[in-house]
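Dear colleague,

My notes on its aromatic rings follow.

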Amino acid sequence: MTDALDTAGRSTPAPARARWQLRLLGDVALREAAQAPVRLPSRAAAALLARLGLAPQRAHAREELIELLWPGVALDVGRNRLRQVLSTLKSLLEHPGQAGAPVLQADRQALRLTPDALHCDVPAFEAALRQGRWAEARALYRGELMPGFFDEWIVDERTRLAALADRLDERLAAGPGLVAALPSTTPSTTPTPPLPEPLPTSPQAAAEAPGSRHLPRYLTPLHGADEVGARLRAELLQHRLVTVLGPGGHGKTRLAVEVARTLAEGGAWPAPAQAEGFDYVAFVPLVGCTSREAMLDAMLLALQQEGRSGEPLERLATLLTGRRALLLLDNAEQLADSAAPVVAALLERHAGLRLLVTSRRVLGVDGEREFVLPPLPLPGPDSSEAEAALNPAVALFVDRARAARADFHLSSRNREAVIALVRRLEGMPLAIELAASRVRSLPPAQLLAQIEAAGSGPQLDALMLLSRSGPRGGSDPRHASMLSVVQWSWQLLSPAAQALLGRLSVFAGGFTLDAAEAVCRDAGDAPVALALDELVAQSMLRSVAGPDSAQARYEPFELIRLFAAAMLPAADAAPRRARHRDWVIAWARNLALDAPLAALRDELANLGAALASARADGAADDAAALAGALTGPLVDLALPPGALRALAESAALMSQAEARAVTRAYLARALFRGGDPQRAAVQADQAWAELPPAGLPRAQVLARLAHVRWRLQRDAAADDWLVEALALAEAALAAASSPAQRAATQSLQASILATRGAIARTRDAAAAIALQRRSLALWTAAGDVHGMNTGRVNLAIALAASTVGCDEALALLDEAIASTRGHGDWQQAGQALNARGEALCRLRRWPEAAQAYRDCIRIAYALPDPLLLTYGLWNLPRALAHLRQPEAATRLMAFAETQALLYWGRLGRGDRHDLRRLQRLCQHPKDAALVAQARREGATLKLGEAVRLALDDRAG
């Protein structure tokens, strides 16, 4: 008797009398009892049955199956397809009039197999491995999983199972031994060593290096958190999921951020000390997320993976594999039902992952550790002046009051009022801060009287509901106290500030003064700057420095934003969203070609919100305008998957064929760069069907489609499209009426020439170099800083094809690396370092080449950028082999080969040549056994282990 897997990964007996037998290892075969195999009617039917058979005890959500089987398809189309495939499978598996339970169980939400109805060989193989039945496991593994199927999730499973089979062969060859010789199918709990220090840079560049901006920074001191912070830190080191609970304004986020920072920096709380650290720490704001999709988009955005394609949960799982990571999920209360399955899935798959969650209610996940955040300690009603001064709640009030009025201090005259005030506010940090900001105009005694007199007003249903959604519901009197403070603070605002605060709720992720003026100011209104100043002074907004020190950004506190949204009149909401879209369109169109990437990233959330509201409001023409504005530096800034989906859905509704073509051409390029070639090809075909007849739009569409076609098919015919696009761009340049139009057109010309140079490199090196020189010259003439760095890297790659041009290539790459670091363009810096390694390999300067690849890997791992990381890990082994490190080179290349299959889809002829060349370099008779062992080990490495091996200087 063999075993199957339940949802928790435990083994359960598989019935000997299972009606259907499904074989997925070695081939795909389905048979009923002892009868001949039956033919599965379609590839979709085979994939669906395989997904159910791999986890027979699990209920599979319909939306999840749709995304796996038909990635990117519209949900209504996917539901129809799933119904058709399900109907076909039922007719095959369940004969009319036959007795017994149905094989497939389906409801409106999920599908699952009926227990004991079908037996699959994959769960049986894994169960045999876990229980040490080696011979039985080897007999079950007849070959790789589902040969001939190349869906991403199938390839992932195939690679994992193949690694298990390789270790099984090793185990059988070694003879009797410990079960531990084989990897477990559940994550290991062994901690991973911390990642080495990031690439050294100048102090200014280091401040913007990857990983240094993942946690918010606060300018004010944290009061009364020593003891509670130490306890929270200890809980997080002992438990993998800790949820900090408390009502809004309780200081959950601030405390969680500071504790996470000590762990990120390897410190103890509150004093620095050595401690077990994490190699990746990220802050994920979930404010405004109301669905699983929005939550996953927020997580990908926090990990800087917003433009990567594929099923978001699987993408996250891939990114976190092998990492010792800490994610801080902030404000998850409105997502508890949607968040719990995501959290559970990630924790089950990644032993090195820890999650710190702030919420008003528990998630309800097994293993969740609840950490109820107490209010600040309160002074006794009769505390002396000295005792009160040492109290954290009083200290917080005094500190924030001094920010509003510099001469404020605790004295015998105000001591009783301050003590009564913080006690009335029950030690809630945000409430104390809001009250303290009023000291500029009201003494503490009057503040106390105002708060006690404040009552609940109209239009607060949503906020009341949010307050009641915590684990202790509305019975907690602190909620009413907080509402009194918020409403009282609102009532003290001027009418202009009240109106502005409600209108500002349409922004996502903050805003600038210019943006607020454009979206929120009506005719006859007072200047927005005055109202903003009032809101900041009254602690209703916080002002944060932007990437340009001359431009400040404003961010609302969560509770204040929710209150303001509730106070925005319903009739004004849709017009404000439309004005927000107008502002985003204008912002994108007017971007300078040398705009810093940090400033662009600050507006990603607003760009995504504009695309989402265009879809929700049926404003397809606004979406078309947004797509048309995604040029210049925005082309290289990947949008979140949710924003791309919203844009794709709006494309079908656009009134103009030209707009549809431009939008779909943009989507094709964005999806390809995000690692989704199938959806990119679909969008490219649709764009080609509506190719604009003439002008600059035709040039833009041809340029983007040629880029995608060449990358996908290596079709040299794409060069013909580029020749036409270049002629159209040259005509547009001659007709350009402004410097900005001229610069944008030159940048387009440069991009066209760069793609032509990449195509020419395969057949005419001299022509490729000439094209890349022209490209760089045009980007330089346009003043496109990001394009210039791209041009330097492209020209360097073309020059490095021969040793003659390597010196010039290195000089270009050094310029690109310095420029990209200075502008915070870390992805381009990583690409330049990878190209630098190639040039140094040409010159046989192996130690320097290895260092360049290591620097590339450091950046890619910190971003994280899986594609760039795969290139770095693929190229480093060649340098290591020449440095007489055959074992390390072989181990890394074996790992990189599995990664390349995930992200490249297949290995080209040049890739296979690289593998053969490395094998020859590492073939030494005396090391043959060690190299063979290294190859087997490399195929089963985790990502973090592979990166640490690559960054170990002793390996080179």
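Is W688 buried, exposed or partly exposed? W688 counts as partly exposed, because its relative accessibility is 40%; buried means under 20% relative accessible area, exposed over 50%, and partly exposed in between (1.4 Å probe, protein chains only).

This is a predicted model, in which local features need pLDDT of at least 70 and side-chain atom pairs count only at pLDDT 80 or more, while totals for chains, interfaces and linings use all residues. Residues are numbered from 1 along each chain as its sequence is written, and side-chain values use heavy atoms, with hydrogens and water left out.

The whole structure contains 7 aromatic pairs. Rings of Phe, Tyr and Trp (its six-membered ring) pair if their centres lie within 6.5 Å; planes under 30 degrees apart count as stacked, over 60 as edge-to-face and the rest as tilted. F397 and F408 form an edge-to-face pair, because their planes stand at 65°, with the centres 6.1 Å apart. F397 is buried at 0% relative accessibility, and F408 is buried at 8%.

W688 and W721 are stacked, at 4.5 Å centre to centre and 15° between the planes. W721 is buried, with a relative accessible area of 16%.

One aromatic cluster is formed by F507, F511, Y554, W583 and W587.

Two charges also sit over rings (NZ of Lys or CZ of Arg within 6 Å of the ring centre and within 35 degrees of the ring normal). The charged end of R43 lies over F149, 4.2 Å from the ring centre, and that of R51 over W153, at 4.9 Å.
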